[in-house]
Amino acid sequence: MSPHLILRVVSKLLIPMIVVFGFYVQFHGDFGPGGGFQAGVIIAVAVILYALIFGMDEARRAVPPIVVRYGAALGVLIYASVGVATLFMNGAGEPLNFLDYDALHPDQGHHTGQHYGILLVELGVLTTVASVMLAIFYAFAGRVPDIPDEEW
Amino acid sequence: MDHTDLTQYLDYALIAMLLAVGFAIVRLRNLFAVAMLTGVYSLLSAAWFVSLDAVDVAFTEAAVGAGISTVLMLGAMLLTARESEPAGAKRHWAALAVVVAAGAALFFAIPDMPVYGDPNSPANSYVGMDYMTSTPNEIAVPNVVTAVLASYRGYDTFGETVVIFTAALGVMLLLGFGTGRREEDEDEAPGKAKVKAGKAGKKEDKA
C-alpha cells in the first residue's frame, strides 16, 4: 500500500517533536535565540513535512486551508489588539501609547506588563507566520494533485 | 588584535564554500540540484552567522532559507521542467563592465568598514549600547534581541507581520487558495487573472 514505509514511520515520530521544538523556540525566545518568526516557520515545517509524506489531502484534513487563511489575519489582529488594549488600559493621567506594554500590568517593579506584552505579541507573530508559510505552501503545492511516485 | 583568532580560518573556509556553492548554482542545469544547493547555501551562511555570534539571524536563515524556501522552490519546480534551457553563449561585455565596476567600488570601500568587534563602530556605540544598558532595567528580558524586536521596536515588528500577511495575500490572489479545486482556476478568463496580478503587484510595491 505504501512504498515509503520508513519515511512514514520516521516522520510520524519526528513531526510531534518538531512541533514541540517550535513551541520551545516560541516560549524560550525571551531567554535564548528564537521567537515568533522562527517558531512559526518551524511549526509550518512540521505540517509541510506531513504533507510531503502523507499527501496534500491528508494535510488539508489536518490543517484546513480555511484555518490557515483566518490564522494569517488573526495573528495581525492579535498584535494590533495588544496595541489597542494598551491605549485603553493606561492609568489616569498617563500618556496613551500604542504598544506600550507597561500599561498591561500594574507591577512595574518586575516589568510584568512588558513580559505579558512580548508574550502576546510573539503569539500574534507565531500565528501569522505559521499560517502564511502554510498558505504559500498550499498555494504552490495545491496546483499539482499529488507528488507523483517517480519524483521520489 | 595582537593574537591571531583561530575562528577566522573557519570564517574563510565557510566563505570559500559559499563561493563554491554559488558557482555550482550558476553552472548547474538540473533544477532539483539547484534547489537543493540553495538550501545548502542557506545552511552554510547560517553556520557563518553562528561563527559571527549572530545566533538569532542564523536561526532565521536556517529555518526560512534552508527549510521553507527549499520546499517552496521544489513545489514550484514540480509545476515546471526539471532542466533549465541552456543559455546562449553570448558574452555580455556591458554587464561584465558593470559587475567589475561595482565589485571594484566594494573593494575600495572595505578599508572604511569598522574592524569586526570594534567597540567604537557605529553599530556598537550609539543606540545599540543604549539598548544593551537599559534592557535589564526597563524590560528585564535576558535576550536583548527579543527586547528590541518585540518591545523597543514593536512598531517595526508589527509592520513586518503585516508585510508577511500581505505576501500571503499576494500569493493567494495570484495562485489561488490551494483548496484543490483546480477547475475554478482554469475556467477563469485570462483577462481576470491579469487584473488580479496587477493588484497584487501594487500591494507588493507598497510593502
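In helix H3 of chain A, how many residues apart are A:Glu58 and A:Arg61, and what does that separation amount to in helical turns?

Modeller: This is a predicted model, and what follows is computed from it. A:Glu58 and A:Arg61 are three residues apart in helix H3 of chain A, which means that about one helical turn separates them. An α-helix has 3.6 residues a turn, so residues three or four places apart point the same way. The two side chains form a salt bridge, in which the closest N and O atoms of A:Glu58 and A:Arg61 are 3.1 Å apart. A:Glu58 counts as partly exposed because its relative accessibility is 31%, while A:Arg61, at 60%, counts as exposed.

The helix, which spans residues 56–62, also holds A:Asp57 and A:Arg60, again three residues apart, or about one turn. These residues form a salt bridge as well, with 3.2 Å between the closest N and O atoms of A:Asp57 and A:Arg60. A:Asp57 has a relative accessible area of 48% and is therefore partly exposed. A:Arg60 has a relative accessibility of 13%, under the 20% limit, so it counts as buried. Over all chains, the search of the whole structure finds two salt bridges.

Across the interface of chain B and chain A, by contrast, the rule finds zero salt bridges. Polar contacts are found there: the count between the two chains is 14 residue pairs, both members at pLDDT 80 or more. On the side of chain B that touches chain A, at least two residues come from each of H3 (55–78), H6 (127–138), H7 (144–152), H8 (154–175) and H9 (182–187) of chain B. H8(B) gives the largest share, 13 residues. Sorted by class, this side of chain B has 26 nonpolar, twelve polar and six charged residues. In terms of contact, 44 residues of chain B meet 47 residues of chain A. The area buried between the chains is about 4,400 Å², and carbon and sulfur atoms give 74% of this area.

Leaving aside residues up to four places away in sequence, B:Thr157 touches A:Phe37, A:Tyr79 and A:Val125 from chain A, together with B:Leu149 and B:Ala150 from chain B.

Helix H6 of chain B also deserves attention. B:Tyr131, B:Ser134 and B:Thr135 are buried in H6(B). These residues lie on the same side of H6(B) because they cover an arc of only 125° around the axis. The buried residues of H6(B) pack against H7 of chain B. On the face turned away from the buried side of H6(B) are the exposed residues B:Thr133, B:Pro136 and B:Asn137. After H6(B) comes B:Ala140, which has a positive phi, near 60°.

To return to chain A, A:Gln26 is found in helix H1, residues 5–27. A:Gln26 is buried, since its relative accessible area is 5%. With residues up to four places away in sequence left out, A:Gln26 touches A:Gly35, A:Gly36, A:Ala39, A:Glu122, A:Leu123 and A:Leu126.

Definitions and conventions
Residues are numbered from 1 along each chain as its sequence is written. Chains are lettered from A and ligands numbered from 1 in the order in which they are written. This is a predicted model: local features need pLDDT of at least 70, side-chain atom pairs count only at pLDDT 80 or more; totals for chains, interfaces and linings use all residues. Side-chain values use heavy atoms; hydrogens and water are left out. Contact means heavy atoms within 4.5 Å. Buried area is the accessible area (1.4 Å probe) that two parts lose on being put together, summed over both. A salt bridge is a side-chain nitrogen of Lys or Arg within 4 Å of a carboxyl oxygen of Asp or Glu. A polar contact is a pair of N or O atoms within 3.5 Å; within protein, one must be able to donate a hydrogen and the other to accept it, and residues adjacent in sequence count only if both atoms are side-chain atoms. Helices (H or I, at least four residues) and strands (E, at least two) are DSSP runs, numbered from the N terminus. Ala, Val, Leu, Ile, Met, Phe, Trp, Tyr, Cys and Pro count as nonpolar, Asp, Glu, Lys and Arg as charged, and the others, Gly among them, as polar. Buried means under 20% relative accessible area, exposed over 50%, partly exposed in between (1.4 Å probe, protein chains only). The arc is that of the directions from the helix axis to the C-beta atoms.
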